[in-house]
Amino acid sequence: ISNGRYVSKFENEVGKYLKSKFALTCSSGTAALHLAFLSLKLKKNDIVILPIINFIAAANILSLMNIKYYFADIDKITGQITKETFLECVKRNKIKKIKILVTSYLGGQVHNIEDILKLKKKYNFYLVEDACHAFGSKYIIDKKKYPVGCAKHSDISTFSFHPLKTITSGEGGLITTRKKEFYNRIKALRSHGFIGQKKYWDYNLDLNGLNYRMSDINAALASSQLSKINIFLKKRYEIAKSYHHNFKNLKNVSLPELQKHSSWHLFIIKINFNKILISRDNLIKKLNKLNIFPQVHYVPAFKFKKFSYIKEKNFPNAIQYFKNCLSLPIYFEYSKISQKIVIKNIVNILK
């Protein structure tokens with residue numbers, strides 16, 4: 001039941017789907033990030049750069065590892081790191097050498113990838129893709145599409161199979177890489193650090209590892225979900241397209257780019273609340289009374305007590321993004337009737 005044949009089956013299937021040389025399952029997306037950082041042998045004075053808008057998992061892990069990290073501002077529309085915000089972070093913090101850049105594909109869309117790769121070449125950092133929103137997404141380089149997670153242009157990609165993601169294993173995660181060195185290290189690290197020998201009863205302990213294994217039960221569910229991935233992606237795209245069609249003429253509302261190759265984990269709109277007669281809190285409360293529950297993705301790190309030392313003024317785009325963002329319902333069993341009700345009520349309130 002633990003780390004058995006279904007785990008191997010799913011790893012083979014998902015590796016082929018993502019066109020990655022190596023694919024390793026683990027117990028969560030957070031575990032995937034932790035294993036990625038451990039496999040890259042982060043040391044005390046190494047520096048990691050993260051986007052200020054992202055789920056807090058990566059920052060929490062780096063804090064626990066006592067690694068020095070800095071937040072970069074983001075694009076106020078996409079919520080993702082840009083070349084300009086990266087360079088501003090480097091300059092503001094007087095960073096000389098970067099060990100890792102963590103990119104996050106907020107909502108499932110990939111932006112600025114070519115600029116990021118130019119920075120990788122110039123600064124010689126490891127690129128870790130926090131692709132927890134982007135299973136099933138693709139990105140384009142030189143007019144050619146690549147699956148997020150193929151790890152052709154990154155060093156390591158990480159995914160989550162939480163129930164809200166494109167496919168689920170109940171709880172679970174995935175790491176992909178093309179580098180055998182990282183693969184071998186991650187494989188050992190996820191199972192206490194044990195290194196297997198030719199004889200199964202003769203094993204050695206090389207590393208300080210953890211139990212981050214995925215169970216066969218979770219892997220069997222993930223495998224069945226993977227067989228339906230194209231159906232899931234098509235449905236999410238149809239939901240995104242419907243939102244786009246119905247909101248495109250609304251004043252003071254900005255919509256995400258309608259990428260057909262996005263996983264559409266989230267559909268995040270921006271509403272200029274300074275120009276309408278309702279606050280975001282009151283809009284959410286009105287929608288809640290109608291049994292509609294939007295969300296905010298994400299609260300920037302400087303809003304948390306843990307990061308009270310961070311100066312908000314250094315992140316003007318994140319401030320603007322956070323003030324205006326609102327995530328609307330999007331999931332596989334979201335019916336057309338339910339979406340029509342959501343759209344009608346949002347349009348009525350905003351008008």
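In this predicted model, Arg178 lies in the loop that connects strand S9 (173-177) with helix H6 (180-189). Arg178 is one of the residues that form a surface patch of positive charge. The briefing below also covers the salt bridges, of which a search of the whole structure finds 9, and an open sheet of 3 strands.

**Positive surface patch**

- The patch gathers Lys19, Lys21, Lys138, Lys144, Lys145, Lys152, Arg178, Lys180, Lys234 and Lys260 on the surface.
- Arg178 has a relative accessibility of 35% and therefore counts as partly exposed.

**Salt bridges within helices**

- In helix H1 (residues 5-18), Lys9 and Glu13 are 4 residues apart, which means that about one helical turn separates them.
- Lys9 and Glu13 form a salt bridge in which the closest N and O atoms are 2.6 Å apart.
- Lys9 counts as partly exposed because its relative accessibility is 37%; Glu13, at 25% relative accessibility, also counts as partly exposed.
- In helix H4 (residues 83-92), Arg92 and Glu88 are likewise 4 residues apart, so about one helical turn lies between them.
- A salt bridge joins Arg92 to Glu88, with 2.9 Å between the closest N and O atoms.
- The relative accessible area of Arg92 is 25%, which makes this residue partly exposed, and Glu88 is partly exposed with a relative accessible area of 31%.

**A salt bridge between distant parts of the chain**

- Asp155 forms a salt bridge with Lys120, and the closest N and O atoms of this pair are 2.7 Å apart.
- This pair links distant parts of the chain, 35 residues apart: Asp155 is in the loop between strand S7 (144-147) and strand S8 (156-160), while Lys120 belongs to helix H5 (residues 113-123).
- Both Asp155 and Lys120 are buried.
- A network of salt bridges links Lys120, Asp155 and Lys179.

**Open antiparallel sheet**

- Strands S12, S13 and S14 form an open sheet in the order S12-S13-S14, with antiparallel pairing.
- Strand S12 (253-254) and strand S14 (325-328) are the edge strands, each of which pairs on one side only.
- Strand S12 is joined to strand S13 (residues 267-271) by 2 bridges, and the two strands run antiparallel.
- Val253 stands opposite Ile271, a residue of S13.
- In general, the strands of a sheet pair through backbone hydrogen bonds, in either a parallel or an antiparallel manner.

How values were computed
Residues are numbered from 1 along each chain as its sequence is written. This is a predicted model: local features need pLDDT of at least 70, side-chain atom pairs count only at pLDDT 80 or more; totals for chains, interfaces and linings use all residues. Side-chain values use heavy atoms; hydrogens and water are left out. Two strands pair if DSSP finds at least two bridges between them. Patches are made of residues with over 30% relative accessible area and no salt bridge: like charges are joined within 9 Å, nonpolar side chains (Val, Leu, Ile, Met, Phe, Trp, Tyr) within 5 Å. Accessible areas come from the Shrake-Rupley method with a 1.4 Å probe; for residues, only the protein chains shown count as cover. A salt bridge is a side-chain nitrogen of Lys or Arg within 4 Å of a carboxyl oxygen of Asp or Glu. Lys and Arg count as positive and Asp and Glu as negative; His and the chain ends are not counted. The place of a charge is taken as NZ of Lys, CZ of Arg, CG of Asp or CD of Glu. Buried means under 20% relative accessible area, exposed over 50%, partly exposed in between (1.4 Å probe, protein chains only).
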